[in-house]
Amino acid sequence: MKILFISTLRHIKKHFIQTLLTFFMTILIIAVLSAIFNFAASFKDVLRRWAIDTSGTYHYKFVAEDANKLKELEEGFKKDSWFSEVFLDTEDREAVLFVTVDKPGLFTTRIMKDKLSEYSLDSIYQDHNWELLVSYGDLCKENGMYAFLLIFIIIITIITLASVLTLGAVLKISAFQRERDFALLSSIGTSGSQISRMILFESMIYILIALPFGLVFGIYLLDLSRSRLDAMLKGLEKFPPVEIVISIPFMIAIIIASGGIILVSTYPPAKKAAKIRPIEALRQNQQIHISKWEQKQTRNSALSNFATKIISRFFQIEGQLAYKTYKRFKRRYYPVLMAMSVNIALCMVLSSFSHYTNDVISMTYSGMDYNINIHLSCDDSKLLGQTANELVQISDNQLSLIRQTAFELRNPLPLSETGYGSGLFQGSGRQPDAVLLSVDENTLNSICNREGIDKNTLSGNTGIFINDERTWRNDGVQEKGRPYHLETGDILPVYSTHVSDLELSKPNDAIDIKIAAVIDYSPEYTKVDAPTSLVILVSEDTFLSLEPCRPFAERDVGTHNVILRGMVDEADVLENSTSTYLDKQTQVHGNIYNYDEQIRGDQAGITGIRYLLTGLIIILLFICMFSNFIVTWTIAHGRIKEFSILSSIGMTPESIRKMKKVESLLNSIKALVPGTAVGIICSLFIQKIYLTEYNVSWSFPWLGLFIGILILIFASVLSECVINLLMRKISIVEGVRINEI
Amino acid sequence: MITIQNLTKIYKIGDSTVIALDNVNLEIKKGEFLAITGPSGSGKSTLLHMMAGVDIPTSGNVFIEGKNINKLQPSEQAIFRRRHIGMIYQSFNLIPTLTVEENIILPLMLDGKKIDRAMLMSLLELLGLSERRKHLPNQLSGGQQQRVAIGRGLMSKPSLILADEPTGNLDSENTEEVLTLLRAANENYDQTIIMVSHDENVSSIAKRRIFMKDGHIALDKVV
């Protein structure tokens, strides 16, 4: 066997350019895998740091008003070695049990669910630090890990497919070059499996030598892309900066993936080489070899005749010859053309992704008539008003007062039976917590009957105040609702809002709701599980329940709120000056939202993603180009004899060039058609995903297709240059004499 | 018809120099059947290739029908070849993706000429290939393939046929058939035939024989 491996090494050395290109290609493949796997490791680290920054190192949190309810959990968890830290905090109004899992992993959430099933969790609010768990690889669907994993798997699959195709094509060509050698070896007694191992040995050499270079190069590529990765992640969320993390398990995964690619790529040519019959290969040296499959392809079916007629009409004899050659060499070019199709599809996907994302950004921000939103809150309404006026002056009156002491709610009046409503409450300085709801006539009748309210007193702008003291959630944190006291005869001015949380109508659109009756809360009065502490029945098809507005409302009793908003010329400048002003205030608390900065952040994020996808496509393109070059180079050698014969019987060089161009055109169409079809399907699929949240319209990804066509033209020009280069080196008579020795 | 003046071809292989043709002069008249013989490496095939314009001489000229073919541009050479010269090789050199019929009419198709179907059918009949005309070269025997190559050389009725060891890969029966065809082409169509062969029996059918040695014409005999 040693001598067979030596023969393989000599073959590799003999075809130096081909070997070099194969090494480059393999290095690129491993580099891409390395970059992506190491990005996954780095992203996990980003998630971990972000999770700890935003919500701490605990994994689970349980909140209850009654600390005794949590004691049972505490005792149980302390006995369980699965938990490393169990801490009960009873200092605040509510008791909080912090729990840390000792070794979080893939199934932490599922295991926790099983453990919790042994306990009663009534009146206990639970939450988990899902970002932290995700960073440990937790696969719970709710935590969004699935989406990330899905994207990761899709990208790795595409790269693996392209790698197998291109590497497979090169190994196939190498095996083809050595067919005569294999036949001779077979004739002297070498077994099929020994011959297969020769090809496997060749592919192992490529991987083993390329592996360290590829791994390092991949990390380098990742480091180069760091700023873009940062921009991409910041556009999605306020993630901390990316730090490159090299994880041993992920490195092992890269090595296994590379090995897998090699095995899959090697199998078809190795299998074929093992079956070679000595006599068929030995006969090759007398004439240009054409296999039985290729022979079948050159027979003329009705479709083939039709195609020949069309091609002859446009390209004459050169087209006919090109078409016959195209049919004959279809199989050899197949893997490379498939890889080119994948590239075209990816270009179209990138183009569609850019288009939809730009649409979404436009949609999100186009309706806005403001780019700065400032929320102020203060216990002292007079000081608050004064501060608001000063800020309006700072902004040269570009800011306007939108509302005071109010909450931003959901849907406008009038409402459907089960829909949410919204209203802004301007009370007497207290904090209402309510959501505007609607109720059907039967429920209204039921309420009135139960509470002994004369339904006739409800008309127009009167309402029943329902005192609801349930707990509610704000930004995922369970809090107790604030009781609000209204009495019969109180007046509530209510402002309607639009659907979007971002727009509010003018304050003078308020309607005054007069409280006709006051009753205690009952679940059937609210048909939704709304976090409310105040529900007001307004009329038979509307009742008002106000909810704390997020994220503006301060929770302290008595705090007043003001919102200032406007379309300002220089949002960044105003943000800075407002921030500087507010820093000097001790009693007024302010939140500034600069939507120009938000848009820039979103666009930077999208640009980051676009950049990374483009980089991925370019690398895949290089892999395809290398493979294409190797395949073309090898096939061209075999075709030199054919071109020389044609030249010797009178085909001019211009005719031969024309014939080659037609061949390139036919191969290009073969790559373009499936690539475009897949690109369109992917584009529609992406649109469908976006449609779950945004109303984006489909548009044909022309730019992606154009870039794909440029790629094909480049590949064709490259092929032609290869053949021209070879033909210049060999005279007609030398070409005719190839294989005559 | 053909005039060769001071034709020389020198190959450089590494540090050594090989003189394949050494100042060869030759005149060939129209309708002649000339055999070029000699030992291996004597320059027979090189001389033939020079006449066909598929190789470039180091010095000297080749005139065919008054045209110095070495001075023509490659396109002009190709056009000249397909109209005036029929090439027949030892290893057939057919286009593998074309059928028998298509291989034979290829030079005419390259010239954009209309195919005389009657002539094609009679030629196929003459070559014994009528029933194989839709077959690919891989489906033919060596003798049949060589007959296709001859057919390709004859179809366009070139004034000059150059055959390089046309029977080198054939058995005796096929050799006899090929030689009969060449003789018929010479006698019936007055085509000039120049045939290279190392086989004395094969070259004996020619009316004029040239014996080459070490790049020179050592003997020029009319039989």
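Which side chains meet in a salt bridge at 3.0 Å, N to O? They are those of A:R49 and A:D45, in a predicted model.

Residues are numbered from 1 along each chain as its sequence is written, while chains are lettered from A and ligands numbered from 1 in the order in which they are written. Since this is a predicted model, local features need pLDDT of at least 70 and side-chain atom pairs count only at pLDDT 80 or more, whereas totals for chains, interfaces and linings use all residues; side-chain values use heavy atoms, with hydrogens and water left out.

**Salt bridges**

- Side chains of opposite charge can pair when their charged atoms come close.
- Over all chains, the structure holds 21 salt bridges (a side-chain nitrogen of Lys or Arg within 4 Å of a carboxyl oxygen of Asp or Glu).
- A:R49 and A:D45 sit 4 residues apart, about one turn, in helix α2 (residues 16–55) of chain A; helices (H or I, at least four residues) and strands (E, at least two) are DSSP runs, numbered from the N terminus.
- A:R49 counts as buried at 16% relative accessibility, and A:D45 counts as buried at 12%; buried means under 20% relative accessible area, exposed over 50%, and partly exposed in between (1.4 Å probe, protein chains only).
- In helix α18 (residues 653–691) of chain A, A:R657 and A:E654 are 3 residues apart, about one turn of the helix, and their closest N and O atoms are 3.8 Å apart in a salt bridge.
- Both ends of that pair are partly exposed: A:R657 has a relative accessible area of 34% and A:E654 one of 41%.
- In chain B, a salt bridge joins B:R117 to B:E101, with 3.5 Å between the closest N and O atoms.
- This pair links distant parts of the chain, 16 residues apart: B:R117 is in helix α4 (residues 117–127) and B:E101 in helix α3 (residues 100–110), both of chain B.
- B:R117 is partly exposed at 43% relative accessible area, whereas B:E101 is buried at 6%.
- Shared partners join A:D45, A:R48, A:R49 and A:E243 into one salt-bridge network.

**A sheet in chain A and its helices**

- Four strands form an open sheet in the order β2-β3-β1-β4 of chain A, with antiparallel pairing (two strands pair if DSSP finds at least two bridges between them).
- Its edge strands are β2 (83–89) and β4 (125–128) of chain A, each pairing on one side only.
- Antiparallel strands β2(A) and β3 (residues 95–101) of chain A are joined by 6 bridges, and A:F98 in β3(A) is the bridge partner of A:F87.
- Helix α3 (residues 67–79) of chain A packs on the sheet and touches β1 (60–64), β2 and β3 of chain A, its direction making about 20° with that of β3(A); contact means heavy atoms within 4.5 Å.
- Helix α4 (residues 108–116) of chain A lies across β1, β2, β3 and β4 of chain A, at about 35° to β1(A); axes are lines fitted to C-alpha atoms, for helices over the stretch in contact, and angles run from 0 to 180 degrees between N-to-C directions.

**Chain B overall**

- Chain B has 7 helices and 10 strands.
- Of its 223 residues, 59% are buried.
- Among chain B contacts between residues at least 6 apart in sequence, 66% join residues at least 24 apart.
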